[in-house]
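Please keep the sequence and the model in view while reading.

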Amino acid sequence: STPNCNIFEMDSLFIPINRAHSHWMAAHIDLPRKTITFLDSMGSPGHEYLRRLIRYLNDEHLTLFQTSLPEDWSLHTCPGDTPQQNNSSDCGVYVCLFAEQLTRNLTPRASPMDAQHFRLHIALSIVNNSVTVD
């Protein structure tokens, strides 16, 4: 927990998750809707990560308010329509795509071709030291 930081005042949190130094996945915490959704471009459901995230939120709630997190939270495993990568190297690009789309209140949608275009967009953003979203 960061001093003087109340995560419950935020609208949402996007959590990148790395498994075994080899695969990136993500979770989206929607605080007003009280939902946590796990996203994986290789389709794993994410039960373990959802349990850990709800425990983290409960610990934060206990620290900040001295009460447990209300029980009306819902946990969502990786939705069946989550965009899927078709290789073993694009997981990080998909996590960036998920973040970009969720911060614009869009449902994550992407094809492998979109991932390749977004990979170039990320590279150009780094080279130009600026991020632009079309």
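From the N terminus on, the elements of the protein follow the order β-β-β-α-β-α-α, giving three helices and four strands. Helices (H or I, at least four residues) and strands (E, at least two) are DSSP runs, numbered from the N terminus. The model is predicted: local features need pLDDT of at least 70 and side-chain atom pairs count only at pLDDT 80 or more, whereas totals for chains, interfaces and linings use all residues. Residues are numbered from 1 along each chain as its sequence is written, and side-chain values use heavy atoms, with hydrogens and water left out.

The C-alpha trace spans about 45 × 30 × 30 Å along its principal axes. Of the 134 residues, 36% count as buried; buried means under 20% relative accessible area, exposed over 50%, and partly exposed in between (1.4 Å probe, protein chains only). Contact means heavy atoms within 4.5 Å. Among contacts between residues at least 6 apart in sequence, 51% join residues at least 24 apart.

His-21, in the loop between strand 1 (12-19) and strand 2, has a positive phi of about 55° although it is not a glycine. His-21 counts as exposed because its relative accessibility is 81%. Lys-34, in the loop between strand 2 and strand 3, likewise has a positive phi of about 55° without being a glycine. With a relative accessible area of 26%, Lys-34 is therefore partly exposed.

Thr-37 is found in strand 3 and, at 17% relative accessibility, counts as buried. Leaving aside residues up to four places away in sequence, Thr-37 touches Ala-26, Ala-27, His-28, Leu-50, His-76 and Pro-79. Glu-60 belongs to helix 1 (residues 47-65); its relative accessible area is 6%, so Glu-60 is buried. The C-alpha atoms of Glu-60 and Asn-6 are separated by 8.4 Å, although these residues are 54 apart along the chain.

How do the axes of helix 2 and helix 3 cross? The axes of helix 2 and helix 3 (residues 112-128) come within 9 Å and cross at roughly 85°. Such axes are lines fitted to C-alpha atoms, for helices over the stretch in contact, and angles run from 0 to 180 degrees between N-to-C directions. Helix 2 and helix 3 are therefore roughly perpendicular to each other; angles under 35 degrees count as roughly parallel, over 145 as roughly antiparallel, 65 to 115 as roughly perpendicular and the rest as oblique. On the helix 2 side, Val-93, Tyr-94, Cys-96, Leu-97 and Glu-100 meet Pro-112, Ala-115, Phe-118, Arg-119 and Ile-122 of helix 3. The residues of this contact divide into eight nonpolar, no polar and two charged. Ala, Val, Leu, Ile, Met, Phe, Trp, Tyr, Cys and Pro count as nonpolar, Asp, Glu, Lys and Arg as charged, and the others, Gly among them, as polar.

The largest pocket holds about 450 Å³ of space. Of the 20 residues that line the largest pocket, His-28, Asp-30, Arg-33, Leu-102 and Leu-106 are the closest to its centre. A pocket is an open set of points on a 1 Å grid over the protein atoms alone, where a 1.4 Å probe fits, with protein on both sides within 12 Å along at least five of seven lines; lining residues have an atom within 4 Å of a point. Grid points are joined across faces, edges and corners, and a volume is the space filled by probe spheres set on the points. Strand 2 (23-30), strand 3 (35-39) and helix 2 (91-103) each supply at least two lining residues, and strand 3 gives the largest share, three residues. By class, the lining has seven nonpolar, eight polar and five charged residues.
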